[in-house]
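Here is a friendly briefing to read beside the model. Keep the picture open as you go through the points.

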Amino acid sequence: MVAATVGLRGLSLCTLSLPILRSAKIKLPIHSFPTSRSLKPLFSPYNPTILRGFPSFCASPDVNVEATATAPPATEAENSQSADDIKNAANLLDIRVGRIIKAWRHEEADSLYVEEVDVGEPEPRIICSGLVKYMPLDLLQDAKVVVLANLKPRNMRGVKSCGMLMAASDASHETVELLMPPDGTIPGERIWFGTEDDKDSQPEPATPNQVQKKKIWESVQPHLKIDASCTAMLGEYLMRTSAGVVVCKSLKNANIS
């Protein structure tokens, strides 16, 4: 009968016989036991074999656990900075009060209306909107609307569209309502986000090329929402005009696009 006892830094294996180990179906490495001198480097906590995850009965438990880098949770300052970045980007958008002078069906696209919109410029803008499915044409006539005015013009089935009417929609995109500036606003007034005092600190809007190149609209749009009171918001910031906040007719907790 062969028996072995190994002692190392206060840790020992009790004397066990190989036949007993075999009957217990415990597998032992089949090699000769090293000498006490050769054991020292083998069981060193800095041994590369142990550091690679070799299961050692003498290494401290955390030596065999692979470290995982975890990003620390964002601080309030970081969250605030992120919100400020979004607001700063939104301030570069040229969002204006508009009034639809005339609207008609697009001759080459069944899903599009074409609108002539007064946005405070010498000539009205032509804007195409995919609203045929969602609202009757007469609802657009003479309506006060919210216009994103510094997008690059797009050719939409032969009609050059110079802007976008902003609207709210439910999660299924089955119900769509135009954003509405309050009574008392005039076409061309620039809309902002925040408090009444933030109006005077608005920067000049970005050019259409800058909006496209820096993807400003794409970075801001996911943060635009309608709250539970039908009010348009950018995160926690109200969407404002000099006469009050921007709303939609009836949708709540909806998206804006």
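Leu131 touches Ser111, Tyr113, Leu140, Leu165, Val176 and Leu178, leaving aside residues up to four places away in sequence; a contact here means heavy atoms within 4.5 Å. This is a predicted model, in which local features need pLDDT of at least 70 and side-chain atom pairs count only at pLDDT 80 or more, while totals for chains, interfaces and linings use all residues. Residues are numbered from 1 along each chain as its sequence is written, and side-chain values use heavy atoms, with hydrogens and water left out.

**Around Leu131**
- You will find Leu131 in the loop between strand 5 (125-129) and strand 6 (144-148); strands (E, at least two residues) and helices (H or I, at least four) are DSSP runs, numbered from the N terminus.
- Leu131 counts as buried because its relative accessibility is 7%, and buried means under 20% relative accessible area, with a 1.4 Å probe and protein chains only.
- From C-alpha to C-alpha, Leu131 and Leu165 are 9.8 Å apart in space, and 34 residues separate them in sequence.

**The whole chain**
- The protein chain has six helices and 17 strands.
- Of its 257 residues, 35% are buried.
- Among contacts with a separation of 6 or more, 60% join residues 24 or more positions apart.

**Nonpolar cores**
- The largest nonpolar core has 30 residues, and Ile95, Met166, Leu179 and Met239 have the most contacts inside it; such a core is a set of buried Ala, Val, Leu, Ile, Met, Phe, Trp, Tyr and Cys residues joined through side-chain atoms within 4.5 Å.
- Helix 4 (76-90), strand 3 (95-105), strand 6, helix 6, strand 13 (224-226), strand 14 (232-234) and strand 17 (254-256) each supply at least two residues of this core.
- A second, separate core of 17 residues includes Ile100, Ala103, Met135 and Leu140.
- Beyond four places in sequence, Met239 touches residues including Ile95, Val146, Met166 and Leu179.

**Confidence**
- The chain's mean pLDDT is 79, and 68% of its residues reach 70 or more; pLDDT is the predictor's confidence in each residue, from 0 to 100.
- Over residues 26-72, pLDDT stays under 50, and the model has 34 contacts beyond four places in sequence for them.
- Residues 74-78 also stay under 50 in pLDDT, with two contacts beyond four places in sequence.
- Where pLDDT is low, the predicted coordinates should not be read in detail.

Key
Buried means under 20% relative accessible area, exposed over 50%, partly exposed in between (1.4 Å probe, protein chains only).
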